[in-house]
Amino acid sequence: MTRAMSTLEPIQETLREIKKRTPEVGIAEFVVRVLLTTGTEYLPEDGDASHRHLAANPPDDARPCAPLRMDWAACELPLHGEDAHFGHAEAGFVGVADGVGGYRDDGIDAGAFARELMANALEEVEVADTARRLRPKDILRRAYETAVINGTAGASTAVILALDGAKLRFAYIGDSAFVVLRGGRIVHRSEQQQHYFNCPYQLSGHHRDNLKMAKAGGVPVEDGDVVVVGTDGLFDNVHDGQLERAVQMGTELGFSPKNMADIIAVIAYAVSRDERARSPFSVAYWKEYGEEGYGGKEDDITVIVAYIVSKESS
């Protein structure tokens with residue numbers, strides 16, 4: 001328990017806040033209530049597999065065009081220190097990256113490429129002409145090209161999102177992922193990209209054509225939507241149904257984006273240390289190898305939670 005509390009020390013304030021909001025329900029019970037929710041595996045619809053629409057959405061022209069903004073916060077629980085993230089509230093951009101841990105075996109800093117990608121992406125957003133629409137795919141491309149020019153060693157998965165009017169634009173590669181929730185239900189989920197089990201697509205300086213494998217597009221969003229972005233330390237440990245339950249409970253309790261990001265990270269952390277958990281990672285292992293497996297996946301955990309809200313709201 002000492003190791004767990006040491007790792008979770010940066011989010012003790014949120015844990016105390018949650019305890020104040022739920023005096024009759026301790027943090028452990030909150031987590032248990034979420035984890036008791038049976039995870040559901042969502043299958044892609046027929047057609048474009050670059051992303052999944054999990055609920056019917058009205059066409060864009062049927063949606064109100066109220067100006068929207070993105071309120072975001074992040075929680076990072078490091079294990080190897082190979083995750084990275086960035087955010088720019090004014091421009092409505094967020095992103096996460098996960099360095100490929102296999103480079104550790106070669107004595108390379110496996111988080112260097114991820115940190116470079118996110119630092120370059122933030123710089124691109126900051127210096128861009130604000131009058132021109134920025135696309136995540138362009139930001140990802142420029143961030144990657146700069147990392148290659150700089151000769152940064154390693155490789156990384158990545159997700160970059162941008163709020164563009166009433167549309168959330170995305171670009172991603174690998175198994176870092178994002179979901180959009182509406183009314184506590186997932187209405188959109190990115191598609192995991194893997195060569196084979198536990199070997200995601202990735203960007204590196206050695207394979208410059210990998211950027212062609214990145215997926216890009218957009219999905220309509222509304223005032224009140226919740227966007228959760230994370231590395232595989234989140235999505236390998238938390239089923240979609242459990243993530244929905246966490247957001248539902250957090251929304252009912254009036255959690256801030258920071259509170260929500262922290263508690264979701266705590267839930268992923270709890271599963272990652274549970275040898276008996278039936279995690280998404282253990283389920284995938286069973287499917288791949290035909291051997292029943294249990295347990296979470298110990299890994300760096302990075303979670304970004306973004307609330308889509310009206311610009312008129314305080």
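**Entry 1: Gln-193**

I looked up how covered Gln-193 is and found a relative accessibility of 6%, so Gln-193 counts as buried; the word buried stands for under 20% relative accessible area, exposed for over 50%, and partly exposed for what lies in between, with a 1.4 Å probe and protein chains only. I note that this is a predicted model, in which local features need pLDDT of at least 70 and side-chain atom pairs count only at pLDDT 80 or more, while totals for chains, interfaces and linings use all residues. Residues are numbered from 1 along each chain as its sequence is written, and side-chain values use heavy atoms, with hydrogens and water left out.

I then placed Gln-193 in the loop between β8 (185–190) and β9 (194–196). For such names, helices (H or I, at least four residues) and strands (E, at least two) are DSSP runs, numbered from the N terminus.

Which backbone nitrogen does the side chain of Gln-193 reach? I found that the side chain of Gln-193 reaches the backbone nitrogen of Gly-174 at 2.9 Å. Leaving aside residues up to four places away in sequence, I listed what Gln-193 touches: Tyr-172, Ile-173, Gly-174, Asp-175, Pro-200, Tyr-201, Met-213 and Lys-215. A contact here means heavy atoms within 4.5 Å.

**Entry 2: Aromatic pairs**

I looked up the ring pairs and found that the structure holds eight aromatic pairs. Rings of Phe, Tyr and Trp (its six-membered ring) pair if their centres lie within 6.5 Å, and planes under 30 degrees apart count as stacked, over 60 as edge-to-face and the rest as tilted. Phe-170 and Phe-178 form a tilted pair, with 5.4 Å from centre to centre and 45° between the planes. Phe-170 is buried, with a relative accessible area of 1%, and Phe-178 is buried too, at 0%.

I went on to Phe-197 and Tyr-289, whose ring centres are 5.8 Å apart and whose planes stand at 90°, so this pair is edge-to-face. Phe-197 lies in the loop between β9 and β10 (199–200) and Tyr-289 in helix α9 (residues 280–289), so the pair ties together parts that are 92 residues apart in sequence. Are these two residues buried or partly exposed? Phe-197 counts as buried at 12% relative accessibility, whereas Tyr-289 is partly exposed, with a relative accessible area of 46%. I also noted that ring pairs link Phe-197, Phe-281, Tyr-285 and Tyr-289 into a cluster.

Back at Phe-170, I saw that this residue lies in strand β6 (residues 167–173). Phe-170 and Ala-216 are 46 residues apart in sequence, but their C-alpha atoms are 5.4 Å apart in space.

**Entry 3: Asn-198 and the cysteines**

I checked Asn-198, which is found in the loop between β9 and β10, and its phi is near 65°, a positive value in a residue other than glycine. Asn-198 counts as partly exposed, at 38% relative accessibility.

How many disulfides does the structure hold? I found zero disulfides, where a disulfide is a pair of cysteine sulfur atoms within 2.5 Å. Cys-75 is buried, with a relative accessible area of 2%, and Cys-199 is buried, with 18%.

I compared the length of each helix with its expected span, which is 1.5 Å times one less than its number of residues. The 16 residues of helix α8 (residues 257–272) should span 22 Å, and its end C-alpha atoms are 22 Å apart, which agrees. Of the 16 residues of α8, 14 are buried, so α8 is largely enclosed by the rest of the structure.

The 13 residues of helix α7 (residues 240–252) should span 18 Å, and here too the end C-alpha atoms agree, at 18 Å apart. Helix α7 is mostly covered, with ten of its 13 residues buried, including Asp-240, Leu-243, Val-247 and Met-249. After α7 comes Gly-254, whose phi is positive, near 70°.

**Entry 4: The whole chain**

Last, I looked up the totals and found nine helices and 14 strands in the chain. Buried residues make up 52% of the 314 residues. Among contacts between residues at least 6 apart in sequence, 74% join residues at least 24 apart. The chain exposes about 14,600 Å², of which carbon and sulfur atoms supply 49%; accessible areas come from the Shrake-Rupley method with a 1.4 Å probe, and for residues only the protein chains shown count as cover.

Note on methods. A polar contact is a pair of N or O atoms within 3.5 Å; within protein, one must be able to donate a hydrogen and the other to accept it, and residues adjacent in sequence count only if both atoms are side-chain atoms.
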